[in-house]
Amino acid sequence: MFDGYDSCSEDTSSSSSSDESEEEVAPLPSSLPIIKNNGQVYTYPDGKSGMATCEMCGMVGVRDAFYSKTKRFCSVSCSRSYSSNSKKASILARLQGKPPTKKAKVLQKQPLVAKLAAYAQYQATLQNQAKTKAAVPVEGFSWGNYINSNSFTAAPVTCFKHAPMGTCWGDISEGVRVEVPNTDCSLPTKVFWIAGIVKLAGYNALLRYEGFENDSSLDFWCNVCGSDIHPVGWCATSGKPLVPPRTIQHKYTNWKAFLVKRLTGAKTLPPDFSQKVSESMQYPFKTSMRVEVVDKTHLCRTRVAVVECVIGGRLRLVNEESDDKTDDFWCHMYSPLIHHIGWSRSIGHRFKRSDITKKQDGHFDAPPHLFMKVKEVDAAGEWFKEGMKLEAIDPLNLSAICVATIRKVLADGYLMIGIDGSEAADGSDWFCYHATSPSIFPVGFCEINMIELTPPRGYAKLPFKWFDYLRETDSIAAPVKLFNKEVPNHGFHVGMKLEAVDLMEPRLVCVATVTRIIHRLLRIHFDGWEDEYDQWVDCESPDLYPVGWCQLTGYPLQPPAPQSSRDSQSSSSKQKKKAKSQQYKGHKKMTSLQLKEELLDGEEYSFLQGASDQESNGSASYYIKQEP
């Protein structure tokens with residue numbers, strides 16, 4: 001094993017979619033005044049909510065049509081541009097280089113439709129700049145320095161089953177020995193030395209050369225899956241020299257005996273570790289494959305897109321009708337937003353028929369077996385029905401869990417859902433979730449788990465009470481037993497660092513933190529950004545990655561804001577939180593017993609005590625209506 005050291009002197013000094021047509025949109029009631037803009041139809045609001053002025057572009061519009069709970073900006077674009085202008089140039093890289101030059105205009109239209117239009121316009125701005133401005137990480141950011149200076153911990157690789165090595169990480173831990181390049185050496189050739197893992201952070205490991213004992217002066221961070229890390233014994237079999245670092249070269253006269261003593265009984269990487277890494281980074285999706293993807297401008301339908309490139313399992317999809325390939329969308333290959341060609345027709349989902357009558361040369365349909373499989377459900381007995389109420393994560397505002405309604409029941413367990421109080425008249429903002437989706441919850445989930453529930457827009461009877469609302473709307477809650485209550489042993493804990501996709505701008509992967517855990521639901525905070533940009537994400541989401549994933553796959557990582565910018569945000573964030581509290585919370589959280597006494601009006605319910613911010617992976621806590 002150590003023959004390589006003897007070779008060096010000790011005096012070293014250092015299917016075509018054309019058959020599928022889009023479902024016709026129901027005509028708007030003639031009593032509603034409408035306006036048209038860029039082919040989109042909107043209805044006017046009632047005008048009772050007052051006006052607001054965008055602090056970024058100065059546009060004046062109806063307050064309810066403005067973005068975010070604070071109503072300071074007319075769109076996502078203006079909100080983020082405003083934040084960016086108060087940060088250093090390093091933060092501007094997170095958005096795309098500099099604030100957009102064209103500000104989103106606000107029309108007097110229904111609130112959620114306004115949100116759709118703003119989001120579409122924001123995406124269009126990104127597309128127009130895509131050719132010249134790529135998402136590039138800020139120079140100088142180091143995960144190692146970031147973790148060391150703040151004593152952070154990172155989520156282990158085993159939390160991410162979809163990531164490379166996520167299912168075969170093994171027992172790699174602190175104390176494992178590896179062979180790495182010796183940078184403390186002045187030899188003209190590349191030489192190696194033994195190092196031990198001092199700390200793990202995702203794929204990254206803090207290494208210390210063997211022989212330095214408690215001296216951390218030359219500790220360094222390295223990606224365990226990188227090409228320069230090898231199991232002990234690799235140098236001997238590869239004919240590479242093992243040379244002790246210059247700083248400690250004088251400590252021992254017989255380094256071979258020293259290594260034999262230190263490495264006896266020590267763990268190292270499996271001999272085939274590099275092969276496993278390579279195999280886990282092979283992805284079945286290939287360029288030119290055709291898929292169906294949710295239309296980002298009309299969430300209620302899908303359209304055909306073509307895989308333009310694959311990076312780390314993430315797909316850049318380009319609209320098949322886009323001539324210049326700027327109309328794109330990023331998602332993971334296991335995303336629930338993509339499906340095989342023909343999926344929409346098979347379940348009764350709306351589909352945008354392509355103007356292209358036949359496949360372009362070289363394009364071919366992605367095989368159905370490549371897509372993430374959903375759990376089979378039995379809809380023969382008691383099942384979801386149109387009009388049932390539930391709670392759902394708003395796909396256009398992932399920081400909010402909202403009061404929602406099942407608008408249509410599709411085949412194979414899929415449901416079309418709308419956000420109460422914010423739906424477009426034509427249903428163009430309905431979105432599709434599977435019945436087993438971790439993004440939908442039974443009535444009362446937020447209350448039991450102490451999560452802020454967003455009531456229907458314009459609903460005046462606050463604090464919001466589900467049972468009052470159900471009586472007022474003459475509706476019923478979807479049965480609790482129909483929801484997915486499985487909670488895997490995910491391994492996440494509050495405070496863990498990771499790399500996460502900003503799902504409101506899915507081409508960006510950012511430095512992030514787990515700030516809350518509710519069973520399988522994670523609250524993801526983007527470091528350096530205000531809490532209103534937080535997102536609720538499932539623990540098994542393919543949009544979460546271990547620390548070091550971007551470095552391993554070559555994907556750009558968007559770093560957090562500098563400390564100075566965080567400090568400047570803190571005062572405004574406190575004011576915003578206060579405003580949020582006054583507007584949406586306004587009432588004391590009640591225990592399950594108080595809820596039972598106050599709300600049930602004679603109906604019998606049993607409760608399982610829920611826990612907020614729990615770090616255990618126990619079964620989910622819901623309240624369940626007892627059958628008579």
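In what order do the 5 strands of the open sheet sit? They run 8-7-6-5-9, and the pairing is antiparallel. Keep in mind that this is a predicted model.

**The open sheet**

- Two strands sit at the edges of this sheet: strand 8 (220–223) and strand 9 (230–231). Each has a single partner strand, so one side of each is left without a neighbour in the sheet.
- Strand 6 (residues 192–201) and strand 7 (residues 204–209) are antiparallel partners, joined over 6 bridges.
- If you want a spot to look at in that pairing, find Ala195, which stands opposite Tyr209 in strand 7.

- Helix 5 (residues 143–150) lies across strand 6, strand 7 and strand 8, and its direction is at about 130° to strand 8.
- Helix 7 (residues 255–263) lies across strand 5 (177–181) and strand 6, this time running at about 30° to strand 6.
- Which residues of helix 5 are buried? They are Trp143, Gly144, Tyr146 and Ile147. Looking down the axis of helix 5, you'd see these buried residues fall within an arc of 165°, so they line one face of the helix.
- Turned away from that buried side is a face of helix 5 with the exposed residues Asn145 and Ser149.

- Ser151 isn't a glycine, yet its phi is positive, at about 55°.
- Is Ser151 buried or exposed? Its relative accessibility is 61%, so Ser151 counts as exposed.
- Glu213 also has a positive phi, near 50°, and is a residue other than glycine. You'll find Glu213 in the loop between strand 7 and strand 8.
- With 37% relative accessibility, Glu213 counts as partly exposed.

**A buried leucine in a loop**

- Leu269 belongs to the loop between helix 7 and helix 8 (273–280). At 2% relative accessibility it counts as buried, because the cut-off for that label is under 20%.
- Leaving out residues up to four places away in sequence, Leu269 touches Ile172, Val176, Arg177, Val178, Val224, Ile229, His230 and Pro231.
- Take Pro231 from that list: Leu269 and Pro231 are 38 residues apart in sequence, but their C-alpha atoms are 4.7 Å apart in space.

**The largest cavity**

- The largest cavity has a volume of about 100 Å³.
- Which strands each supply at least two residues of its lining? They are strand 10 (289–295), strand 11 (298–311), strand 12 (314–319) and strand 13 (328–332).
- Among the residues lining this cavity are Val293, Asp295, Lys296, Arg303, Leu317, Asn319, Asp328 and Phe329.

**A strand on the inside**

- Strand 17 (residues 389–394) has 6 of its 6 residues buried, so it is largely enclosed by the rest of the structure.
- Strand 17 forms a hairpin with strand 18, with 2 residues between them. Strand 17 and strand 18 (residues 397–409) pair in the antiparallel sense, over 6 bridges, and Leu390 stands opposite Ala404 in strand 18.
- Strand 17 is also joined to strand 21 (residues 440–441), by 2 bridges, and the two run antiparallel. Here Ala392 has Ile440 as its bridge partner in strand 21.

**Further along the chain**

- Leu462 and Pro463 are joined by a cis peptide bond, with omega about 0°. Pro463 sits in the loop between strand 22 (453–454) and helix 11 (466–472).
- His525 is part of strand 25 (residues 521–526) and, at 14% relative accessibility, counts as buried.
- What does His525 touch, not counting residues up to four places away in sequence? Its contacts are Val511, Ala512, Thr513, Thr515, Glu530, Asp531 and Asp534.
- His525 and Thr513 are 12 residues apart in sequence, with 5.2 Å from C-alpha to C-alpha.

Terms used
Residues are numbered from 1 along each chain as its sequence is written. This is a predicted model: local features need pLDDT of at least 70, side-chain atom pairs count only at pLDDT 80 or more; totals for chains, interfaces and linings use all residues. Side-chain values use heavy atoms; hydrogens and water are left out. Two strands pair if DSSP finds at least two bridges between them. Helices (H or I, at least four residues) and strands (E, at least two) are DSSP runs, numbered from the N terminus. Contact means heavy atoms within 4.5 Å. Axes are lines fitted to C-alpha atoms, for helices over the stretch in contact, and angles run from 0 to 180 degrees between N-to-C directions. Buried means under 20% relative accessible area, exposed over 50%, partly exposed in between (1.4 Å probe, protein chains only). The arc is that of the directions from the helix axis to the C-beta atoms. On a 1 Å grid over the protein atoms alone, a cavity is a set of points where a 1.4 Å probe fits but cannot get out, and a pocket is an open set with protein on both sides within 12 Å along at least five of seven lines; lining residues have an atom within 4 Å of a point. Grid points are joined across faces, edges and corners, and a volume is the space filled by probe spheres set on the points.
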